[in-house]
Amino acid sequence: MKPILRHLPLAVAALAALASTPALAMQPFTADYQASYMGLQANGVMTLAAENGGKWRYTLQVKNQLAELSQSTLFDEQNGRLRPLSSRDASVIPFKRRAVEARYDWGSSQATWSGDVKPERRGPVTLQNGDMDGLLINLAIARDVAAGKPLNYRMVDDGRVKTLSYRVVGKENMTVDGKTVEATKVSRVDGNKEQIAWVAPGMPVPVRLLQREGGRDALDLTIKSLR
């Protein structure tokens, strides 16, 4: 699954050398999204929940009558960086099911994958400080746009390492909970794919995430409410 889900950093992404900002301290939330996936309307829910030991679980689910996507990352915060500890990525689409689990072992500085993943993608991959999986990059982008920091990330996901760089392309008005907010629009182009995120002041995640492939919208998530 690609960013704006796990790799959109939404996995966007990735969404990856992150420096945090105190202005967006970690707080639990539930965000409801209106989604479009595979050309059909869907419902999306994004949550951040505290767990024991200073850990957090960040989850995104998208579902319609044809498909169901679920991504979840357990992480902590070390020296202002969001550090993945484990993740699960599952999808159910017509005639195909896929589930992949990842483990990020910071003691040995290695990431490994299991489940429905090719042998060459099982790892191990050597970790560096600041590495994130694609799903966490959604949180990173919201923080870094608010702080005016460079949107450059190193994503370690699905058995691969990839450098992601976003650029600010403008501002647009968005409606969240019936209120108009001015959002900063950022974009990343990779071949025939474009990943776009809209970030609004005070919001812990992008208010809209869009993945385009070959000039067409592949996945579109627009926030309806945040609680």
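**Reading the labels**

User: Why is E77 called partly exposed?

Analyst: E77 has a relative accessible area of 30%. Buried means under 20%, exposed means over 50%, and partly exposed is in between, with a 1.4 Å probe and protein chains only. The value of 30% falls in between, so E77 is partly exposed. The model is predicted: local features need pLDDT of at least 70 and side-chain atom pairs pLDDT 80 or more, while totals for chains, interfaces and linings use all residues. Residues are numbered from 1 along each chain as its sequence is written, and side-chain values use heavy atoms, without hydrogens and water.

User: What makes E77 and R143 a salt bridge?

Analyst: A salt bridge needs a side-chain nitrogen of Lys or Arg within 4 Å of a carboxyl oxygen of Asp or Glu. For E77 and R143 the distance is 3.0 Å, N to O, so the pair meets the definition. Helices (H or I, at least four residues) and strands (E, at least two) are DSSP runs, numbered from the N terminus.

User: Is R143 buried or exposed, and how do you know?

Analyst: R143 has 4% relative accessibility. That is under 20%, so R143 is buried.

User: How many residues of helix α1 are buried?

Analyst: Nine of the eleven residues of α1 (residues 137-147) are buried, among them I137, L139 and V145.

User: What makes a set of residues a nonpolar core?

Analyst: The members are buried Ala, Val, Leu, Ile, Met, Phe, Trp, Tyr and Cys residues, joined through side-chain atoms within 4.5 Å. The largest such core has 48 residues, and M46, Y58, F75 and V207 have the most contacts inside it. Helix α1 gives the most to this core, with six residues.

User: How do you know that strands β11 and β12 pair?

Analyst: Two strands pair if DSSP finds at least two bridges between them. Nine bridges join β11 (residues 167-176) to β12 (residues 179-190), so they pair. They run antiparallel and form a hairpin with two residues between them. One of the residues in β11 is M174, which is buried at a relative accessible area of 11%.

User: Why do K185 and E172 count as a salt bridge?

Analyst: Their side chains meet at 3.5 Å, N to O, and the limit is 4 Å, so the pair counts. K185 lies in β12 and E172 in β11, so the pair ties together parts that are 13 residues apart in sequence.
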